[in-house]
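These are my notebook entries on one structure. I wrote down what I looked up, entry by entry.

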Amino acid sequence: MDANTELHDREKVLAIASEMFFYQGFRNTSMEEVLQRAGIGRARFEKLFETKEKLLREYLRRRNDHDADMIWGCVSKCQGPRERFLGLIECIAPWLGDHKFRGCAFLNIVAELPAHSPLVGSEGVAHYERLRSLAQHLAEELKRSDPIAFDHLDPALVADEYMVIITGAISLATLYQNDAAAAPPLRAVEQLLRKRD
């Protein structure tokens, strides 16, 4: 198998499996169906990924990179530190609709696999740590933009609370199957900017 053929086959299997993992779940995805759709045999698959679990790891790694690029691309279009800070939650609502309100790929996998699974412990945590780091960065940027108005902000604490709001928004949108659930989370994020007694 030459390098180009191997790369083509890897990408084909990964594309098919990624869609099925996301919309059907890991356990409900049959490797026989994936391989049939990809037009390759079991022996070829084992040379490419070895196991279904390693295929899942690659899916989550790619998903992490894709989601991070998508979110940052959306946030970076917002004008000004305050707009970028609020833009993080605003960028998530249309993404939910684009994915038929299936929710978060990483939270879905956590629900299927044991909490101690290396797949969950590495890629899942990395995904949310990446998102949390972005929230903290945006809070720090906002605080620097107006040290007087935002002197009260603790960027690390704000990032922790932002993550709770984001995961809540994702869960509610998945439950109600619409992005109208994004309005209360946006108000909650706005509340993070207010001084507390």
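**Entry 1: α5 and α9.** I looked up how α5 and helix α9 (residues 155–176) sit together, and found that their axes come within 10 Å and cross at roughly 30°. Axes here are lines fitted to C-alpha atoms, for helices over the stretch in contact, and angles run from 0 to 180 degrees between N-to-C directions. α5 and α9 are therefore roughly parallel to each other. I noted the cut-offs: angles under 35 degrees count as roughly parallel, over 145 as roughly antiparallel, 65 to 115 as roughly perpendicular, and the rest as oblique. From α5, the residues F85, L86, L88 and I89 meet V158, Y162, I165, I166 and A169 of α9. Contact means heavy atoms within 4.5 Å. Sorted by class, this contact has nine nonpolar, no polar and no charged residues. In this sorting, Ala, Val, Leu, Ile, Met, Phe, Trp, Tyr, Cys and Pro count as nonpolar, Asp, Glu, Lys and Arg as charged, and the others, Gly among them, as polar.

**Entry 2: what the model is.** This is a predicted model, in which local features need pLDDT of at least 70 and side-chain atom pairs count only at pLDDT 80 or more, while totals for chains, interfaces and linings use all residues. Residues are numbered from 1 along each chain as its sequence is written, and side-chain values use heavy atoms, with hydrogens and water left out.

**Entry 3: the whole chain.** I counted 10 helices and zero strands in the protein chain. Helices (H or I, at least four residues) and strands (E, at least two) are DSSP runs, numbered from the N terminus. The protein chain has 197 residues, and 43% of them count as buried. Buried means under 20% relative accessible area, exposed over 50%, and partly exposed in between (1.4 Å probe, protein chains only). Of the contacts in the protein chain with a separation of 6 or more, 72% are between residues 24 or more positions apart.

**Entry 4: α4 and α7.** I then took up another pair of helices. α4 and α7 pack at an angle of about 150°, and their axes are 10 Å apart. That makes α4 roughly antiparallel to α7. On the α4 side, the contact is made by L56, Y59, L60, R63, N64 and D67, and on the α7 side by A105, F106 and I109. By class, I have six nonpolar, one polar and two charged residues in the contact of α4 with α7.

**Entry 5: the buried side of α7.** Which residues of helix α7 (residues 105–112) are buried? I found A105, F106, N108 and I109. They cover an arc of only 160° around the axis, which puts them on the same side of α7. The arc is that of the directions from the helix axis to the C-beta atoms.

**Entry 6: α2.** In helix α2 (residues 31–38), the buried residues are M31, V34, L35 and A38. Down the axis of α2, its buried residues fall within an arc of 95°, so they line one face of the helix. E32 and Q36 are exposed on the other side of α2. After α2 comes G39, with a positive phi near 75°.

**Entry 7: the disulfide.** How many disulfides does the structure hold? I found one disulfide, and the term means a pair of cysteine sulfur atoms within 2.5 Å. C74 and C91 form it, with their sulfur atoms 2.0 Å apart. The pair links distant parts of the chain: C74 is in helix α4 and C91 in the loop between α5 (81–90) and α6 (92–98), 17 residues apart. The torsion about the S-S bond of C74 and C91 is about -85°, so the disulfide is left-handed. C74 is partly exposed, at a relative accessible area of 27%, whereas C91 is buried at 4% relative accessibility. Leaving aside its neighbours within four places in sequence, C91 is in contact with C74 and V75.

Entry 8: C-alpha to C-alpha, C91 and C78 are 10.0 Å apart in space, and they are 13 residues apart in sequence. C78 is buried, with a relative accessible area of 18%. C104 is buried, with a relative accessible area of 3%.

**Entry 9: E50.** E50 has a positive phi of about 75°, although E50 is not a glycine. I placed E50 in the loop between α3 (42–48) and α4 (52–75). Its relative accessibility is 47%, so E50 counts as partly exposed.
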